[in-house]
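Hi everyone, thanks for making time today. I'd like to walk you through a structure that may be new to you, so please have a look at it with me.

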Amino acid sequence: MSAPSWPLEKSFTSLPELLFEHTRATPVENPSLLAINTPLVKLLELDESILRSSIGLSWLSGNSAPPNTTPIAQAYAGHQFGRFVPSLGDGRALLLGEHRLSNGELYDIQLKGSGRTKFSRGGDGRAALGPMVREYIVGEFLSAVGIPTTRALAVTITGESIQREKPLIGAILTRVAKSHIRIGTFEYLHARSEHAAIEQLVNYCISRHYPECQEAPDPVYSFCKRFIERTASLVSQWLHVGFIHGVLNTDNITISGQSIDFGPCAFIDTYDPATVFSSIDVNARYAYGAQPSIMHWNLARFLETVLFLLDDDTTKALEKARDLLQHFETVFHADWHLGIRAKLGLNTTQPEDAELATDFLNLLFSNKLDFTQSFRLISESSLPLEPNHALSHWHKKWIDRIHLSKNKRSTDATFSAMKQTNPLYIPRNHIVEKVLSTCQQTLDSKELDKLLSFLRAPYTEVPATEVFHTPPPPEWKGYKTFCGT
């Protein structure tokens, strides 16, 4: 009987060598599995029994690599809180290789928390269990509501402690992504004036992520436009579920248009566009409502790296770049309005829709109402109105708007559709923290699995689960998240 194998490809290593370093994970003493993502295992057409075996555990812990693989740490730069850092890279992660599905789709398989690399900059290259479980939870929820995202294939406990402010349980996350190429990857080459390498990277991204651009009259412009469209749509979808990424540095923005790197991320409770949870975002650069404008800024940094490819004439290249940034604004606003109309049950477009949506959000803000719960309650036609006359007045206008004469479906059908758009269950911050604490205390996944069962079917109510969809108690005001590095 042949030994288990995992045939991983390595197309990224066809790019210039300055973009990666061949290296190996640092072995750990006593690894054990906390969780295997069974739905993702099936999606990737993998054999879960192999992943749960001793050889599988050895791969997922970094103690060995699948046969014929050459793990690499990727190089990138990034603007971090507005300040450019020319050399970042995978300081605690390794790309094992690329897994190909039977339909030809390609996915990166990465170990996060696997030890030091040349990009570690003094760090230990390790990760703590809590942040890795958080990333697993958030990725599963975003995937369940149809938002492009990286996901966790497994969480492995290393059997070792790591030192932060206090000793913490070490863990390794096996992350699956369309790829780990970031805006920062382009910035890394741009900072070194590696123009030929940038052109090679652009061609690689087109081939891997935007093959439809290959036959376009201007493939580079088409690539930039499609990337910007995906990114604009991504941000609008985040806003629709109250998601705050927390650290929208350029090294955390994927070229594939997926959400990635959920460090101090969180979900808003009481609606307020100025909401910040991240302890390191002291100037609210990445507040909930600031995410569209900061993504626009990030895309401007990306376009600077490929400006020379947009046109030989610098003036014309700048005009194209400005057009592309304006396209971001256009797509974002169109997608945001489309999504907010769906959340309000509006399947046709009327002139008053924008005002109706804005008025509702303003009422949530002024009345300090919970974002997720309020949208779910109107889906059930049970938003508490009295004695709030402003809410009552808005509710009457909204009911008039969704009436059959303006919407092309019955009121019951409208409410039913809204329940499939407005989730009941989200990763409530106080619930997530409780699950993280339990995982660290028990080193088992029972409470994690329970939470994930709701988050993977977030629109369907399960009896006697109010604790999982009720807003947090008052003492949770002032809650802070930490990046976990």
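This is a predicted model: local features need pLDDT of at least 70, side-chain atom pairs count only at pLDDT 80 or more; totals for chains, interfaces and linings use all residues.

The protein chain contains 16 helices and 12 strands. Its C-alpha atoms fill a box of roughly 65 × 60 × 45 Å along the principal axes.

Of the 485 residues, 56% are buried. The accessible surface of the protein chain is about 20100 Å², with 53% of that belonging to carbon and sulfur atoms. If you take contacts between residues at least 6 apart in sequence, 72% of them join residues at least 24 apart. As for charge, there are 47 positive and 52 negative side chains, and the centres of these two sets lie 2 Å apart.

Let's zoom in on helix 3, residues 54-61. Is helix 3 mostly covered or mostly uncovered? Mostly covered: six of its eight residues are buried. Those are Gly-56, Leu-57, Ser-58, Trp-59, Leu-60 and Ser-61.

And what covers these buried residues? The cover includes helix 2 (48-51) and strand 2 (32-36). It also includes strand 6 (93-100), strand 7 (106-112), strand 9 (151-163) and strand 10 (167-177).

Terms used
Residues are numbered from 1 along each chain as its sequence is written. Side-chain values use heavy atoms; hydrogens and water are left out. Buried means under 20% relative accessible area, exposed over 50%, partly exposed in between (1.4 Å probe, protein chains only). Helices (H or I, at least four residues) and strands (E, at least two) are DSSP runs, numbered from the N terminus. Contact means heavy atoms within 4.5 Å. Accessible areas come from the Shrake-Rupley method with a 1.4 Å probe; for residues, only the protein chains shown count as cover. Lys and Arg count as positive and Asp and Glu as negative; His and the chain ends are not counted. The place of a charge is taken as NZ of Lys, CZ of Arg, CG of Asp or CD of Glu.
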